[in-house]
Amino acid sequence: MSTPEAPKDVSLSQGIRMMFYVLKPDETSFSSLEEVPDYVKQATPFFISLMLLELVLSWILKGKLAGRVDDALTSISAGVLSRLPTLFFRSIELSTYIYVWENYRLFNLPWNSPWTWYLTFLGVDLGYYWFHRMAHEVNIMWAAHQTHHSSEDYNLSTALRQSAFQTYTSWIFYCPLALVIPPPVYAVHLQFNLLYQFWIHTEVIENLGPLELILNTPSHHRVHHGRNRYCIDKNFAGTLIIWDRIFGTFEAENEKVSYGLTHPINTFEPLKVQFHHLHYIWNTFWITPGFWNKLSVVFKGPGWSPGKPRLGLLEEIPEITGKEVPYATHVSGSLQLYALVQFALMLGFYEDTFADKGALSQATLLLRSGYIILTLTSIGFLMEQRPRAAILETIRCSVFLMLYWLNFLKPFIPSWTYVFELFPWRLFMHITEKCQVLRSLESRGRDHDNEGISNHNHGASWPSTWHNALNTFFHIELTSTLGCRNYSYYDSHDPHYT
(Lines give C-alpha, C1' and ligand atoms only; values in the text may rest on other atoms or scores of the structure.)
Protein backbone atom coordinates (compact mmCIF):
# COMPACT_ATOMS: atom_id res chain seq x y z
CA MET A 1 0.00 0.00 0.00
CA SER A 2 1.41 3.40 -0.98
CA THR A 3 1.87 6.07 1.63
CA PRO A 4 -0.60 8.97 1.26
CA GLU A 5 0.93 12.25 0.17
CA ALA A 6 1.05 15.14 2.60
CA PRO A 7 -1.51 17.88 1.93
CA LYS A 8 -0.21 20.64 -0.34
CA ASP A 9 -0.52 24.39 0.12
CA VAL A 10 -3.01 26.09 -2.17
CA SER A 11 -1.74 28.48 -4.82
CA LEU A 12 -2.81 32.11 -4.96
CA SER A 13 -5.24 31.33 -7.78
CA GLN A 14 -6.70 28.37 -5.88
CA GLY A 15 -6.96 30.44 -2.71
CA ILE A 16 -9.02 33.12 -4.40
CA ARG A 17 -11.24 30.61 -6.19
CA MET A 18 -11.86 28.47 -3.10
CA MET A 19 -13.43 31.49 -1.40
CA PHE A 20 -16.12 31.46 -4.09
CA TYR A 21 -16.46 27.66 -4.56
CA VAL A 22 -15.13 27.71 -8.14
CA LEU A 23 -12.34 25.12 -7.89
CA LYS A 24 -12.55 22.23 -10.32
CA PRO A 25 -13.04 18.55 -9.39
CA ASP A 26 -9.68 17.46 -10.83
CA GLU A 27 -7.74 19.82 -8.53
CA THR A 28 -9.70 19.06 -5.34
CA SER A 29 -10.14 15.26 -5.45
CA PHE A 30 -8.08 13.15 -3.05
CA SER A 31 -7.86 9.45 -2.32
CA SER A 32 -7.30 9.80 1.45
CA LEU A 33 -8.12 12.23 4.23
CA GLU A 34 -4.42 12.79 4.90
CA GLU A 35 -4.09 14.42 1.48
CA VAL A 36 -6.97 16.88 1.95
CA PRO A 37 -5.60 20.39 2.62
CA ASP A 38 -6.83 22.39 5.56
CA TYR A 39 -8.47 24.95 3.31
CA VAL A 40 -10.02 26.88 6.20
CA LYS A 41 -6.65 27.36 7.87
CA GLN A 42 -5.04 28.45 4.60
CA ALA A 43 -7.86 30.93 4.02
CA THR A 44 -6.66 33.28 6.80
CA PRO A 45 -4.75 35.69 4.50
CA PHE A 46 -7.74 35.76 2.14
CA PHE A 47 -10.08 36.57 5.04
CA ILE A 48 -7.86 39.50 5.99
CA SER A 49 -7.42 40.70 2.40
CA LEU A 50 -11.15 40.65 1.70
CA MET A 51 -11.93 42.47 4.96
CA LEU A 52 -9.44 45.20 4.06
CA LEU A 53 -10.92 45.42 0.56
CA GLU A 54 -14.39 45.74 2.09
CA LEU A 55 -13.20 48.63 4.26
CA VAL A 56 -11.82 50.46 1.23
CA LEU A 57 -14.90 49.84 -0.94
CA SER A 58 -17.27 50.81 1.87
CA TRP A 59 -15.38 54.07 2.34
CA ILE A 60 -15.45 54.80 -1.40
CA LEU A 61 -19.04 53.73 -2.11
CA LYS A 62 -20.81 54.63 1.13
CA GLY A 63 -18.53 57.21 2.71
CA LYS A 64 -18.10 55.17 5.89
CA LEU A 65 -16.14 52.21 7.19
CA ALA A 66 -17.82 48.82 7.36
CA GLY A 67 -18.35 47.97 11.02
CA ARG A 68 -16.88 49.05 14.35
CA VAL A 69 -13.72 48.03 16.19
CA ASP A 70 -15.44 46.61 19.28
CA ASP A 71 -17.97 44.56 17.31
CA ALA A 72 -15.35 43.29 14.83
CA LEU A 73 -13.02 42.18 17.65
CA THR A 74 -15.93 40.34 19.27
CA SER A 75 -16.74 38.57 16.00
CA ILE A 76 -13.16 37.50 15.32
CA SER A 77 -12.84 36.41 18.97
CA ALA A 78 -15.79 34.07 18.47
CA GLY A 79 -14.07 32.64 15.40
CA VAL A 80 -10.89 32.03 17.39
CA LEU A 81 -12.82 30.29 20.19
CA SER A 82 -14.66 28.09 17.69
CA ARG A 83 -11.35 26.72 16.36
CA LEU A 84 -9.61 25.99 19.67
CA PRO A 85 -11.21 22.53 20.20
CA THR A 86 -9.55 21.31 16.97
CA LEU A 87 -6.19 21.66 18.71
CA PHE A 88 -7.05 18.60 20.78
CA PHE A 89 -9.19 16.33 18.60
CA ARG A 90 -10.50 15.90 15.09
CA SER A 91 -13.72 17.64 14.15
CA ILE A 92 -16.78 15.67 15.30
CA GLU A 93 -18.28 16.27 11.84
CA LEU A 94 -15.43 14.21 10.38
CA SER A 95 -15.12 11.65 13.18
CA THR A 96 -18.78 10.63 13.09
CA TYR A 97 -18.78 10.63 9.29
CA ILE A 98 -15.78 8.29 9.18
CA TYR A 99 -17.42 5.97 11.72
CA VAL A 100 -20.60 5.67 9.61
CA TRP A 101 -18.55 5.21 6.43
CA GLU A 102 -16.39 2.43 7.90
CA ASN A 103 -19.27 0.52 9.49
CA TYR A 104 -22.47 1.17 7.52
CA ARG A 105 -21.68 2.30 3.98
CA LEU A 106 -23.83 0.74 1.28
CA PHE A 107 -21.34 1.06 -1.58
CA ASN A 108 -18.33 3.12 -2.66
CA LEU A 109 -18.65 5.92 -5.14
CA PRO A 110 -15.31 6.58 -6.90
CA TRP A 111 -13.40 9.36 -5.15
CA ASN A 112 -11.93 10.71 -8.42
CA SER A 113 -15.18 10.93 -10.42
CA PRO A 114 -16.57 14.40 -11.28
CA TRP A 115 -20.05 12.94 -10.74
CA THR A 116 -19.13 12.08 -7.14
CA TRP A 117 -17.73 15.59 -6.67
CA TYR A 118 -20.90 17.33 -7.90
CA LEU A 119 -23.20 14.95 -6.03
CA THR A 120 -21.30 15.70 -2.82
CA PHE A 121 -21.57 19.44 -3.53
CA LEU A 122 -25.37 19.11 -3.67
CA GLY A 123 -25.55 16.69 -0.73
CA VAL A 124 -23.45 18.81 1.63
CA ASP A 125 -25.37 21.96 0.68
CA LEU A 126 -28.73 20.26 1.25
CA GLY A 127 -27.48 18.87 4.58
CA TYR A 128 -26.39 22.36 5.57
CA TYR A 129 -29.81 23.80 4.69
CA TRP A 130 -31.59 21.39 7.03
CA PHE A 131 -29.04 21.77 9.79
CA HIS A 132 -29.27 25.56 9.52
CA ARG A 133 -33.05 25.49 9.55
CA MET A 134 -33.17 23.25 12.62
CA ALA A 135 -30.60 25.51 14.31
CA HIS A 136 -33.27 28.23 14.16
CA GLU A 137 -36.23 26.00 15.03
CA VAL A 138 -34.83 23.90 17.92
CA ASN A 139 -33.97 25.90 21.01
CA ILE A 140 -30.96 23.86 22.18
CA MET A 141 -29.43 24.13 18.69
CA TRP A 142 -30.24 27.84 18.57
CA ALA A 143 -28.25 28.23 21.80
CA ALA A 144 -25.15 27.55 19.70
CA HIS A 145 -26.14 29.22 16.45
CA GLN A 146 -27.32 32.48 18.04
CA THR A 147 -23.66 33.41 18.47
CA HIS A 148 -23.42 33.98 14.73
CA HIS A 149 -26.51 36.23 14.76
CA SER A 150 -25.59 38.31 17.80
CA SER A 151 -23.72 41.03 15.89
CA GLU A 152 -25.68 44.20 15.14
CA ASP A 153 -23.30 44.95 12.25
CA TYR A 154 -23.18 43.10 8.95
CA ASN A 155 -19.76 42.86 7.38
CA LEU A 156 -17.11 40.25 6.61
CA SER A 157 -15.96 40.07 10.24
CA THR A 158 -19.50 38.94 11.13
CA ALA A 159 -18.91 35.79 9.07
CA LEU A 160 -16.17 34.79 11.54
CA ARG A 161 -18.52 35.04 14.54
CA GLN A 162 -18.93 31.29 14.93
CA SER A 163 -20.10 29.06 17.78
CA ALA A 164 -17.64 26.93 19.73
CA PHE A 165 -20.10 24.04 20.04
CA GLN A 166 -22.32 24.20 16.95
CA THR A 167 -20.58 21.22 15.32
CA TYR A 168 -21.85 18.96 18.12
CA THR A 169 -25.25 18.95 16.42
CA SER A 170 -24.50 19.73 12.76
CA TRP A 171 -22.84 16.32 12.13
CA ILE A 172 -26.23 14.58 12.30
CA PHE A 173 -27.36 16.14 9.02
CA TYR A 174 -24.35 14.96 7.03
CA CYS A 175 -24.28 11.33 8.18
CA PRO A 176 -26.59 10.03 5.39
CA LEU A 177 -23.92 11.04 2.88
CA ALA A 178 -21.49 8.65 4.58
CA LEU A 179 -23.49 5.72 3.23
CA VAL A 180 -22.07 6.35 -0.25
CA ILE A 181 -19.67 9.34 -0.35
CA PRO A 182 -15.96 8.75 0.52
CA PRO A 183 -14.72 10.86 3.48
CA PRO A 184 -12.03 12.78 1.51
CA VAL A 185 -14.65 14.12 -0.92
CA TYR A 186 -16.94 15.08 1.94
CA ALA A 187 -14.07 16.81 3.82
CA VAL A 188 -13.34 19.00 0.80
CA HIS A 189 -16.93 20.17 0.32
CA LEU A 190 -17.55 20.69 4.03
CA GLN A 191 -14.77 23.30 3.96
CA PHE A 192 -15.79 24.90 0.66
CA ASN A 193 -19.40 25.24 1.82
CA LEU A 194 -18.16 27.14 4.89
CA LEU A 195 -15.71 29.32 2.95
CA TYR A 196 -18.33 30.32 0.37
CA GLN A 197 -20.46 31.82 3.11
CA PHE A 198 -17.72 34.26 4.10
CA TRP A 199 -18.01 36.73 1.22
CA ILE A 200 -21.82 37.00 1.37
CA HIS A 201 -21.60 38.81 4.74
CA THR A 202 -21.32 42.30 3.29
CA GLU A 203 -23.39 45.38 2.48
CA VAL A 204 -20.97 46.51 -0.22
CA ILE A 205 -22.52 44.17 -2.82
CA GLU A 206 -26.18 45.00 -3.42
CA ASN A 207 -27.65 42.79 -6.17
CA LEU A 208 -26.16 40.18 -8.52
CA GLY A 209 -28.93 40.04 -11.11
CA PRO A 210 -29.77 36.54 -12.47
CA LEU A 211 -27.41 34.88 -9.97
CA GLU A 212 -29.91 35.82 -7.25
CA LEU A 213 -32.21 33.09 -8.61
CA ILE A 214 -29.78 30.26 -7.92
CA LEU A 215 -27.04 31.31 -5.50
CA ASN A 216 -27.09 32.49 -1.92
CA THR A 217 -25.98 36.11 -2.25
CA PRO A 218 -25.25 39.04 0.08
CA SER A 219 -28.79 40.31 -0.49
CA HIS A 220 -30.41 36.99 0.45
CA HIS A 221 -28.17 36.52 3.47
CA ARG A 222 -28.78 40.04 4.74
CA VAL A 223 -32.43 39.02 5.06
CA HIS A 224 -31.40 35.95 7.02
CA HIS A 225 -29.45 38.10 9.51
CA GLY A 226 -32.29 40.59 9.95
CA ARG A 227 -34.48 40.96 13.03
CA ASN A 228 -37.29 42.58 11.06
CA ARG A 229 -40.41 40.44 11.25
CA TYR A 230 -40.30 39.64 7.55
CA CYS A 231 -36.73 38.30 7.97
CA ILE A 232 -37.37 35.82 10.79
CA ASP A 233 -36.56 32.19 9.86
CA LYS A 234 -35.89 32.92 6.19
CA ASN A 235 -33.11 32.10 3.69
CA PHE A 236 -31.27 29.23 5.38
CA ALA A 237 -29.18 28.39 2.29
CA GLY A 238 -25.44 27.79 2.35
CA THR A 239 -24.44 28.04 -1.30
CA LEU A 240 -27.63 27.47 -3.34
CA ILE A 241 -30.78 29.50 -2.59
CA ILE A 242 -32.84 26.91 -4.50
CA TRP A 243 -33.39 24.95 -1.28
CA ASP A 244 -35.26 27.89 0.28
CA ARG A 245 -37.32 28.29 -2.86
CA ILE A 246 -38.18 24.57 -2.86
CA PHE A 247 -39.03 24.30 0.85
CA GLY A 248 -40.87 27.61 1.22
CA THR A 249 -38.45 29.59 3.34
CA PHE A 250 -37.28 32.14 0.75
CA GLU A 251 -37.76 35.87 1.26
CA ALA A 252 -36.37 38.65 -0.95
CA GLU A 253 -34.81 41.79 0.50
CA ASN A 254 -37.52 44.43 0.24
CA GLU A 255 -36.85 46.95 3.02
CA LYS A 256 -33.90 48.09 5.09
CA VAL A 257 -32.67 45.30 7.34
CA SER A 258 -31.89 45.77 11.03
CA TYR A 259 -29.34 43.17 12.12
CA GLY A 260 -28.85 41.10 15.24
CA LEU A 261 -30.96 39.16 17.71
CA THR A 262 -34.59 40.14 18.27
CA HIS A 263 -33.57 40.90 21.86
CA PRO A 264 -29.97 42.23 21.66
CA ILE A 265 -27.57 40.92 24.30
CA ASN A 266 -25.57 44.18 24.51
CA THR A 267 -22.15 42.77 25.27
CA PHE A 268 -18.69 42.37 23.78
CA GLU A 269 -17.63 39.63 26.20
CA PRO A 270 -16.76 36.59 24.04
CA LEU A 271 -17.80 33.95 26.59
CA LYS A 272 -21.15 35.62 27.23
CA VAL A 273 -21.71 35.82 23.47
CA GLN A 274 -21.12 32.05 23.28
CA PHE A 275 -23.06 30.84 26.30
CA HIS A 276 -25.74 33.38 27.31
CA HIS A 277 -28.64 31.52 25.63
CA LEU A 278 -27.69 28.24 27.31
CA HIS A 279 -28.00 30.08 30.61
CA TYR A 280 -31.42 31.34 29.52
CA ILE A 281 -32.59 27.83 28.61
CA TRP A 282 -31.36 26.49 31.95
CA ASN A 283 -33.30 29.10 33.92
CA THR A 284 -36.44 28.75 31.77
CA PHE A 285 -36.32 24.95 32.04
CA TRP A 286 -36.54 25.02 35.83
CA ILE A 287 -39.26 27.64 36.14
CA THR A 288 -41.51 26.05 33.48
CA PRO A 289 -44.09 23.68 35.04
CA GLY A 290 -44.70 20.16 33.71
CA PHE A 291 -42.36 17.50 32.30
CA TRP A 292 -43.47 17.85 28.67
CA ASN A 293 -43.31 21.61 28.87
CA LYS A 294 -39.74 21.36 30.15
CA LEU A 295 -38.82 19.17 27.17
CA SER A 296 -40.50 21.67 24.88
CA VAL A 297 -38.31 24.44 26.28
CA VAL A 298 -35.30 22.48 25.01
CA PHE A 299 -36.58 21.07 21.72
CA LYS A 300 -39.18 23.54 20.43
CA GLY A 301 -38.45 26.97 18.98
CA PRO A 302 -36.68 29.79 20.84
CA GLY A 303 -39.96 31.76 20.95
CA TRP A 304 -42.09 28.92 22.34
CA SER A 305 -43.79 28.97 25.73
CA PRO A 306 -46.82 27.03 27.04
CA GLY A 307 -49.92 27.71 24.93
CA LYS A 308 -48.02 28.96 21.87
CA PRO A 309 -47.24 27.28 18.50
CA ARG A 310 -43.98 25.32 18.15
CA LEU A 311 -42.05 28.32 16.80
CA GLY A 312 -43.77 30.97 18.91
CA LEU A 313 -45.80 33.94 17.66
CA LEU A 314 -44.39 36.26 15.01
CA GLU A 315 -46.37 39.20 16.38
CA GLU A 316 -44.36 38.98 19.61
CA ILE A 317 -41.17 39.86 17.71
CA PRO A 318 -40.37 43.54 18.50
CA GLU A 319 -41.32 45.83 15.64
CA ILE A 320 -38.42 47.57 13.88
CA THR A 321 -38.84 51.34 13.80
CA GLY A 322 -35.65 52.24 11.95
CA LYS A 323 -34.40 54.20 14.94
CA GLU A 324 -32.57 51.28 16.56
CA VAL A 325 -29.03 52.14 17.70
CA PRO A 326 -26.45 49.31 17.93
CA TYR A 327 -24.95 48.67 21.35
CA ALA A 328 -21.73 50.63 21.78
CA THR A 329 -19.42 51.93 24.48
CA HIS A 330 -17.42 55.15 24.32
CA VAL A 331 -13.86 53.85 24.31
CA SER A 332 -10.97 56.25 23.78
CA GLY A 333 -8.85 55.97 20.66
CA SER A 334 -5.74 54.99 22.60
CA LEU A 335 -7.55 52.20 24.42
CA GLN A 336 -8.90 50.88 21.12
CA LEU A 337 -5.37 50.95 19.71
CA TYR A 338 -4.06 49.12 22.76
CA ALA A 339 -6.76 46.46 22.37
CA LEU A 340 -6.04 46.10 18.65
CA VAL A 341 -2.31 45.62 19.26
CA GLN A 342 -2.90 43.03 22.00
CA PHE A 343 -5.42 41.27 19.78
CA ALA A 344 -2.95 41.18 16.88
CA LEU A 345 -0.26 39.71 19.14
CA MET A 346 -2.74 37.09 20.35
CA LEU A 347 -3.54 36.16 16.74
CA GLY A 348 0.18 35.66 16.16
CA PHE A 349 0.34 33.16 19.04
CA TYR A 350 -2.89 31.57 17.81
CA GLU A 351 -1.50 30.98 14.31
CA ASP A 352 1.82 29.81 15.73
CA THR A 353 0.03 27.34 17.99
CA PHE A 354 -1.91 25.79 15.10
CA ALA A 355 1.22 25.67 12.94
CA ASP A 356 3.18 23.79 15.63
CA LYS A 357 0.39 21.77 17.25
CA GLY A 358 1.89 18.47 16.09
CA ALA A 359 5.13 19.21 17.97
CA LEU A 360 3.56 20.69 21.12
CA SER A 361 2.59 18.70 24.19
CA GLN A 362 -1.00 18.57 25.41
CA ALA A 363 0.01 20.64 28.45
CA THR A 364 1.47 23.36 26.23
CA LEU A 365 -1.59 23.39 24.00
CA LEU A 366 -3.84 23.63 27.06
CA LEU A 367 -1.86 26.51 28.54
CA ARG A 368 -1.77 28.36 25.23
CA SER A 369 -5.51 27.88 24.78
CA GLY A 370 -6.14 29.17 28.29
CA TYR A 371 -4.02 32.23 27.61
CA ILE A 372 -5.87 32.92 24.35
CA ILE A 373 -9.25 32.69 26.13
CA LEU A 374 -7.97 34.97 28.92
CA THR A 375 -6.78 37.51 26.34
CA LEU A 376 -10.09 37.53 24.49
CA THR A 377 -12.00 37.93 27.76
CA SER A 378 -9.76 40.78 28.90
CA ILE A 379 -10.17 42.60 25.59
CA GLY A 380 -13.94 42.20 25.90
CA PHE A 381 -13.78 43.75 29.37
CA LEU A 382 -11.71 46.63 28.01
CA MET A 383 -14.17 47.29 25.19
CA GLU A 384 -17.01 47.43 27.73
CA GLN A 385 -14.91 49.41 30.23
CA ARG A 386 -15.86 47.01 32.97
CA PRO A 387 -14.82 48.03 36.53
CA ARG A 388 -12.44 45.06 36.82
CA ALA A 389 -10.92 45.46 33.34
CA ALA A 390 -7.62 46.91 34.62
CA ILE A 391 -7.21 44.12 37.17
CA LEU A 392 -7.99 41.39 34.63
CA GLU A 393 -5.56 42.92 32.13
CA THR A 394 -2.88 43.02 34.83
CA ILE A 395 -3.46 39.32 35.49
CA ARG A 396 -3.28 38.59 31.75
CA CYS A 397 0.04 40.41 31.40
CA SER A 398 1.39 38.50 34.40
CA VAL A 399 0.24 35.18 32.94
CA PHE A 400 1.89 36.06 29.65
CA LEU A 401 5.21 36.75 31.36
CA MET A 402 4.97 33.55 33.39
CA LEU A 403 4.26 31.44 30.29
CA TYR A 404 7.10 33.18 28.49
CA TRP A 405 9.58 32.46 31.29
CA LEU A 406 8.45 28.80 31.33
CA ASN A 407 8.94 28.58 27.54
CA PHE A 408 5.26 27.88 26.82
CA LEU A 409 5.07 31.06 24.73
CA LYS A 410 7.53 32.88 22.52
CA PRO A 411 7.45 36.37 20.99
CA PHE A 412 5.62 36.49 17.68
CA ILE A 413 8.52 38.60 16.39
CA PRO A 414 11.82 36.84 17.39
CA SER A 415 13.74 40.12 17.64
CA TRP A 416 11.51 41.09 20.58
CA THR A 417 13.09 38.42 22.80
CA TYR A 418 15.52 40.95 24.30
CA VAL A 419 12.60 43.24 25.16
CA PHE A 420 10.88 40.47 27.09
CA GLU A 421 14.08 39.77 29.02
CA LEU A 422 14.36 43.37 30.25
CA PHE A 423 10.76 44.51 30.48
CA PRO A 424 9.09 42.16 33.06
CA TRP A 425 10.42 43.73 36.25
CA ARG A 426 9.68 47.25 35.07
CA LEU A 427 6.18 46.20 34.08
CA PHE A 428 5.60 44.42 37.38
CA MET A 429 6.58 47.47 39.43
CA HIS A 430 4.56 49.79 37.20
CA ILE A 431 1.41 47.64 37.34
CA THR A 432 1.72 47.22 41.12
CA GLU A 433 1.87 50.98 41.55
CA LYS A 434 -1.15 51.54 39.27
CA CYS A 435 -3.22 48.85 40.98
CA GLN A 436 -2.66 50.57 44.32
CA VAL A 437 -3.97 53.80 42.80
CA LEU A 438 -7.00 52.04 41.30
CA ARG A 439 -7.81 50.26 44.57
CA SER A 440 -7.67 53.61 46.35
CA LEU A 441 -10.04 55.16 43.81
CA GLU A 442 -12.37 52.20 44.05
CA SER A 443 -12.48 52.43 47.82
CA ARG A 444 -13.12 56.17 47.68
CA GLY A 445 -15.87 55.60 45.09
CA ARG A 446 -17.63 53.07 47.29
CA ASP A 447 -17.50 55.51 50.19
CA HIS A 448 -19.15 58.19 48.05
CA ASP A 449 -21.78 55.75 46.78
CA ASN A 450 -22.62 54.71 50.33
CA GLU A 451 -22.96 58.31 51.45
CA GLY A 452 -25.13 59.14 48.43
CA ILE A 453 -23.08 62.17 47.40
CA SER A 454 -21.20 62.90 44.21
CA ASN A 455 -17.56 63.77 44.06
CA HIS A 456 -17.98 67.57 43.81
CA ASN A 457 -14.55 68.27 45.25
CA HIS A 458 -12.96 66.58 42.25
CA GLY A 459 -15.48 67.80 39.71
CA ALA A 460 -16.64 64.30 38.69
CA SER A 461 -18.91 61.50 39.79
CA TRP A 462 -17.53 58.11 40.86
CA PRO A 463 -18.14 56.41 37.48
CA SER A 464 -16.35 59.27 35.75
CA THR A 465 -13.45 59.04 38.22
CA TRP A 466 -13.08 55.34 37.52
CA HIS A 467 -13.34 55.87 33.75
CA ASN A 468 -10.62 58.52 33.84
CA ALA A 469 -8.34 56.35 35.98
CA LEU A 470 -8.81 53.39 33.67
CA ASN A 471 -8.05 55.51 30.61
CA THR A 472 -4.97 56.97 32.28
CA PHE A 473 -3.74 53.50 33.21
CA PHE A 474 -3.98 52.17 29.68
CA HIS A 475 -2.61 55.34 28.07
CA ILE A 476 0.51 54.82 30.18
CA GLU A 477 0.62 51.11 29.36
CA LEU A 478 0.26 51.82 25.65
CA THR A 479 3.03 54.39 25.68
CA SER A 480 5.47 52.49 27.87
CA THR A 481 5.07 49.07 26.28
CA LEU A 482 4.66 49.92 22.59
CA GLY A 483 6.63 53.13 22.21
CA CYS A 484 3.65 54.96 20.72
CA ARG A 485 3.26 58.72 20.88
CA ASN A 486 2.53 60.06 24.34
CA TYR A 487 -1.27 60.14 24.52
CA SER A 488 -2.08 62.46 27.39
CA TYR A 489 -4.93 62.03 29.80
CA TYR A 490 -6.54 65.13 28.35
CA ASP A 491 -6.59 63.79 24.77
CA SER A 492 -9.65 61.66 25.48
CA HIS A 493 -11.48 64.67 26.88
CA ASP A 494 -10.72 66.95 23.92
CA PRO A 495 -13.94 67.30 21.84
CA HIS A 496 -11.78 67.07 18.68
CA TYR A 497 -10.04 63.91 19.85
CA THR A 498 -10.74 60.81 17.73
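Okay, let's start with helix α5, residues 92-104: it has 13 residues and runs 17 Å from its first C-alpha to its last, close to the 18 Å expected at 1.5 Å a residue. Keep in mind that this is a predicted model.

Which residues of α5 are buried? They are E93, L94, T96, Y97, I98, V100 and W101. And what do those buried residues pack against? Against α8 (167-170) and α9 (183-199). Have a look at the start of α5 too, where a side-chain oxygen of S91 comes to within 3.2 Å of the backbone nitrogen of E93.

Next up, D125. You'll find D125 in helix α6, residues 114-137. Is D125 buried or exposed? Buried, with a relative accessible area of 0%. Leaving out residues up to four places away in sequence, D125 touches N193, G238, T239, L240 and W243. With L240 there's a polar pair: a polar atom of the D125 side chain sits 2.9 Å from the backbone nitrogen of L240. Also, D125 and H189 are 64 residues apart in sequence, yet their C-alphas are 8.6 Å apart in space.

Last bit: backbone angles. Most residues other than glycine have a negative phi. Now look at N235, which isn't a glycine but has a positive phi of about 55°. N235 is in the loop between α10 (218-224) and α11 (242-247), and N235 is buried, at 0% relative accessible area.

Q385 isn't a glycine either, and its phi is positive, near 55°. Where is Q385? In the loop between α15 (362-384) and α16 (389-405). Q385 has 17% relative accessibility, so it counts as buried, as the cut-off is under 20%.

Methods
Residues are numbered from 1 along each chain as its sequence is written. This is a predicted model: local features need pLDDT of at least 70, side-chain atom pairs count only at pLDDT 80 or more; totals for chains, interfaces and linings use all residues. Side-chain values use heavy atoms; hydrogens and water are left out. Helices (H or I, at least four residues) and strands (E, at least two) are DSSP runs, numbered from the N terminus. Buried means under 20% relative accessible area, exposed over 50%, partly exposed in between (1.4 Å probe, protein chains only). Contact means heavy atoms within 4.5 Å. A polar contact is a pair of N or O atoms within 3.5 Å; within protein, one must be able to donate a hydrogen and the other to accept it, and residues adjacent in sequence count only if both atoms are side-chain atoms. The expected span of a helix is 1.5 Å times one less than its number of residues.
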